[in-house]
Amino acid sequence: MEEIDLSSCCQSCGACCGYSENWPRFSIENDEELAAIPEALVNAHQSGMRCEGDRCSALQGEIGKATACGIYTVRPEVCRTCMPGDAECAMARRKFGLPAIEPT
């Protein structure tokens with residue numbers, strides 16, 4: 001049986017990036033890492049990513065179809081730690097009516 005690359009699931013999902021305006025927050029990033037994020041994508045409080053409603057402004061594409069992060073290489077730590085099939089992923093996918101990803 002072939003192993004599924006769970007990271008590829010993210011490119012057809014994006015639910016975690018549209019779950020809540022409070023999700024794409026900054027936590028342990030240092031000043032250099034924060035400076036790499038385009039200022040236009042940072043919220044007014046400088047505490048996380050700017051969102052349009054619940055959707056992160058760096059998210060490109062249509063949730064559940066095809067998505068990408070516009071700042072993938074410099075995305076916040078909270079974005080790096082959400083993994084395909086984990087509890088946060090399942091919660092976000094549920095919001096959009098998407099089936100849970102079953103890790104193999």
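## Two salt bridges

Glu52 pairs up with Arg50 in a salt bridge, their closest N and O atoms lying 3.6 Å apart. (A salt bridge here is a side-chain nitrogen of Lys or Arg within 4 Å of a carboxyl oxygen of Asp or Glu.) This is a predicted model, where local features need pLDDT of at least 70 and side-chain atom pairs count only at pLDDT 80 or more, while totals for chains, interfaces and linings use all residues. Residues are numbered from 1 along each chain as its sequence is written, and side-chain values use heavy atoms, with hydrogens and water left out.

How much do these two partners show at the surface? Glu52 counts as exposed, at 51% relative accessibility, and Arg50 counts as partly exposed, at 33%. (Buried means under 20% relative accessible area, exposed over 50%, and partly exposed in between, with a 1.4 Å probe and protein chains only.)

How many salt bridges does a search of the whole structure find? It finds two, and the other one is between the side chains of Lys95 and Asp54, at 2.9 Å from N to O. Lys95 sits in helix H4 and Asp54 in the loop between strand E1 (51-52) and strand E2 (55-56), so this pair ties together parts that are 41 residues apart in sequence. Lys95 is partly exposed at 40% relative accessibility, and Asp54 is partly exposed too, at 33%. As a general point, side chains of opposite charge can pair when their charged atoms come close.

## The overall layout

Now for the whole chain. The protein has four helices and four strands, and from the N terminus on they run α-α-β-β-β-β-α-α. (Helices, H or I with at least four residues, and strands, E with at least two, are DSSP runs numbered from the N terminus.) The radius of gyration is 14 Å, close to the 13 Å that the globule rule gives for 104 residues, so the protein is as compact as a globular protein of that length. (That radius is taken over C-alpha atoms, and the globule rule is 2.2 Å times the number of residues to the power 0.38.)

Along its principal axes, the C-alpha trace spans about 45 × 25 × 20 Å. Of the 104 residues, 35% count as buried.

## What is packed inside

Which residues make up the largest nonpolar core? There are eleven of them: Cys9, Cys13, Ala15, Trp23, Leu59, Ile63, Val78, Cys82, Cys89, Ala92 and Ile101. A second, separate core has eight residues, including Phe26, Ile37, Ala58 and Ile71. (A nonpolar core is a set of buried Ala, Val, Leu, Ile, Met, Phe, Trp, Tyr and Cys residues joined through side-chain atoms within 4.5 Å.) In soluble globular proteins, nonpolar side chains tend to be buried together.

Strand E3 (residues 59-62) and strand E4 (residues 66-69) run antiparallel, with four bridges joining them. (Two strands pair if DSSP finds at least two bridges between them.) Leu59, one of the residues of the largest core, stands opposite Cys69 in E4. Gln60 has Ala68 in E4 as its bridge partner.

Three residues lie between the two strands of this hairpin, and Gly64 takes a positive phi near 85° there. Gln46 also has a positive phi, near 60°, and it is a residue other than glycine. Look for Gln46 in the loop between helix H2 (31-35) and E1, where it is exposed with a relative accessible area of 54%.

Asp86 belongs to the loop between helix H3 (77-81) and helix H4 (87-95). Is Asp86 buried or exposed? Asp86 is buried yet has no salt bridge, and Arg93, the nearest side chain of opposite charge, is 9.6 Å away. (Lys and Arg count as positive and Asp and Glu as negative; His and the chain ends are not counted.) The side chain of Asp86 does reach the backbone nitrogen of Cys89 at 2.8 Å, and one of its polar atoms lies 3.2 Å from the backbone nitrogen of Glu88. (A polar contact is a pair of N or O atoms within 3.5 Å; within protein, one must be able to donate a hydrogen and the other to accept it, and residues adjacent in sequence count only if both atoms are side-chain atoms.)

Ser57, in the loop between E2 and E3, counts as buried at 15% relative accessibility. A polar atom of the Ser57 side chain lies 2.8 Å from the backbone oxygen of Arg50.
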